[in-house]
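Dear colleague,

I am passing on the structure we spoke about, with the sequence alongside. Please have it open while you read, as my notes follow directly below.

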Amino acid sequence: MTSINLSIVVIYIFQTFFYTLFLNRAINKLNNNYFIYLLVSIFLGISIIILFTYLFKNNEKGIFAMLKSKILIIILMITPLIFSIFTLNFASQYINFIYLHNIDKIYVIIALALVLFYLLKNNTLSFFRSSTLIFYFYVFLEIITILLLIPYIDINNLLPITIDLTLSINNSYLFLIIMVSPIMFLLLVPKNLIKDDKNSGKKIFLTYIIGSLIIIFKSFLVISILGYNALSIYNYPDIIMYKNIELFSILERVEWLLCFNSITNFFFLISLSSLYIKEGIDYLLNLKGHYSKTVSFIITIMITLGSIFLKIDFLHIVLSFLIFLIIHLFYAIYRIIK
Amino acid sequence: MLKKKIFIFLILLITVFPLSGCNNYQELNNVMIIDGIGIDKKDDEYIVSFNTYNQNNKYETYKITTSNINDSFNKIYLKVSKKIYLSHLNILALSSNLDNLDIENIINAFNRRQDLRGSFNVVLIHNYEDNFFKNDSLKIKDILHNNYLEKGNVYPTTFNDLINDYLDLNIAYIPIIDNKTNTLMGMHSLFSEFNFYDLTNSSFLNLLENKLETLTLTIDEDEVNCNNTEVKYLVDKNNVKININFSYNANVNKNKIISYIDSNINNFLSNDYNLNYFYDLIKKKDYLFYKDNPKPNIIFDITYNLSKEEINNIKDGDLIEENDKY
């Protein structure tokens, strides 16, 4: 496994909740200040990347071996559990909306959970390899999407661009929690597992910048096509945007194809957070890779049942990630002082 | 190895049923493809007419009386016991009996439908009757589009346009059709106040708001076809410079055309025209000024740039005026 495999996952993480969860909330709160807000948030997000790269440098056997404290590890594992339950539920709703209107959500959750189980029962490497393999198709589809959307751009929709720094800083938690924080899950990968581990920090930082540029470009695209006001009322603006595509009255109703990338994003994010839980259980019970199927099965069942029966709000996600980040931050400070 | 193969086979088998929709598949005969929807209001109740075609290729209209638009989709399902499919909707016809609140309710109800695409046309119907859809709604769509392409009196507003105008400008214009004579009457404004524009005024409304491609004017019994219509705006605080460009193909003096359009536009601007479109322009171009003066007294400066197209059946020098500047 190389640092490229690791950094490609950052791109997936960045895109996952951009259209669906982030954009609607950000535009509702910031309206025409959105672009300055995005720049401020990206700048503030670098602090999380610095925290990540510092911890990754000292991460010889994975985050759990580094922390050692069992209570801390259990607290840390709650965040990905809540997050994966939330994401699976969200992904099933999204798939319901775009593909399977009349099918019960439970069927979609079970279908996703089966693939999740298959991915979990293999080792961490297979996750990173599959994410890299799919990345080629992912990029191809992204380019097609952008090309199809270019004729619908109206620059006037972006205007006026206003600047309110206080409001931007106050709401930057949205970007930091939804888009950047899940990158911390990558700490489950031990440094020793990566062949060119010296470059990992740099590559993650570079991918963060590339991911941010993609987000800025996508924001430009979606706002110039739909406008601020329309964006604030739609839950899935990407689908509404793709529904506009109608080239020469022949190429239309392509949203079902273009939305495939969103599902890939959802799936990899669920897999990454589930892998985090799996590695945590592995370390806590000192399983050393044994009983992989049993542990994967238990995690899959937990997430599946959770997404069917539990109702997790966005507030729960924000709180759990705050605790998650604070633990990492204090640990980093503790290490520096020590 | 065999166990693994059986396991993978089982996974695929279980996945195939929910993903292919085999558990609740729909035969085409059991799907009701809605072609047009008409909505009227009588005694505080909505009367929703669903136009569809049956198996004999004949059009049928089902009437539902309800207090809630969302509920009408459930009621029609109970009435015909077929799955409602709105993806091929062509026309949403609104009765002139509906008020602004009703139209907001309708927009909300339609926005919630997952199978709906926003590209269908919305029209207002004068003298609305329950048998409005005498045939397929494509004919109404054709009337709108033919007029837009050939005459340029009305703009065929789609549902997406309606939502965007409602959100951005708090006013939207939709074409109005008289049900008795089956003819286009002009454009009607929704949301902020109800205003009617006849065919001539709606041409100038659409021309001012840069929605037209072609425009046909009748000046002293001469028909002037204006093509490649393009309007450019230059905004400086409360001064709005409008530059109207088009090419025309008629043997009419250029100045005559300009003075005709100019007098009509000025007349149009001085009569109850809602300026939200231009306030929005000022907001976009000069936000600092707009912030202090959300509704400034706009000073319009309209210039015209006309170019004459060649007419093949007239010899050079016959009645052709020079392309002088106005």
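At what angle do the axes of helix α6 and helix α15 of chain A cross, and within what distance do they come? The axes of α6 (residues 105-121) and α15 (residues 292-309) of chain A cross at roughly 155° and come within 9 Å, where an axis is a line fitted to C-alpha atoms, for helices over the stretch in contact, and an angle runs from 0 to 180 degrees between N-to-C directions.

Before going further, please note that this is a predicted model, in which local features need pLDDT of at least 70 and side-chain atom pairs count only at pLDDT 80 or more, while totals for chains, interfaces and linings use all residues. Residues are numbered from 1 along each chain as its sequence is written, and chains are lettered from A and ligands numbered from 1 in the order in which they are written. Helices (H or I, at least four residues) and strands (E, at least two) are DSSP runs, numbered from the N terminus.

Helix packing in chain A

α6(A) and α15(A) are therefore roughly antiparallel to each other; angles over 145 degrees count as roughly antiparallel, under 35 as roughly parallel, 65 to 115 as roughly perpendicular and the rest as oblique. Their crossing is right-handed, a crossing being right-handed if the near helix is turned clockwise from the far one by less than a right angle, and left-handed if anticlockwise. Among the residues that meet here are A:Ile109, A:Ala113 and A:Phe117 in α6(A) and A:Ser296, A:Ile299 and A:Ile303 in α15(A), two residues being in contact if their C-beta atoms, placed from the backbone, lie within 7 Å. The residues of this contact divide into eleven nonpolar, five polar and two charged, with Ala, Val, Leu, Ile, Met, Phe, Trp, Tyr, Cys and Pro counted as nonpolar, Asp, Glu, Lys and Arg as charged, and the others, Gly among them, as polar.

Helix α5 (residues 70-98) and helix α16 (residues 314-337) of chain A pack at an angle of about 145°, with their axes 9 Å apart, and the crossing is left-handed. The contact includes A:Leu72, A:Ile75 and A:Phe86 of α5(A) and A:His316, A:Phe321 and A:Ile327 of α16(A), and by class its residues are twelve nonpolar, three polar and no charged.

Chain B and its domains

The domain assignment, which comes from an automatic or database source, gives chain B a domain 1 (28-202) and a domain 2 (213-326), whose C-alpha centres lie 32 Å apart. Twelve residues of domain 1 and nine residues of domain 2 take part in the contact between them. On the domain 1 side, α4 and α5 (159-169) of chain B each give two or more residues, and α4(B) gives the most, with three. That side holds three nonpolar, six polar and three charged residues.

Helix α4 itself (residues 138-151) has 14 residues and reaches 19 Å from its first C-alpha to its last, close to the 20 Å expected at 1.5 Å a residue, and B:Gly152, with a positive phi near 75°, follows α4(B).

Elsewhere in chain B, helix α6 (residues 199-208) and helix α7 (residues 254-270) pack at about 90°, with their axes 10 Å apart, and are therefore roughly perpendicular to each other. B:Phe204 and B:Leu208 of α6(B) and B:Ile265 and B:Phe268 of α7(B) are among the residues that meet.

Where the chains touch

In chain B, 19 residues are in contact with 19 residues of chain A. The largest share of the chain B side, five residues, comes from α1(B), and by class that side has seven nonpolar, seven polar and five charged residues.

Backbone points to check

Most residues other than glycine have a negative phi, and most peptide bonds are trans. B:Asp44, in the loop between β1 (31-42) and β2 (45-53) of chain B, has a positive phi of about 60°. A cis peptide bond, with omega about -10°, joins A:Leu159 and A:Pro160, and A:Pro160 is in the loop between α7 (124-149) and α8 (165-170) of chain A.

With best wishes

Technical notes:
Expected span 1.5 Å × (residues − 1).
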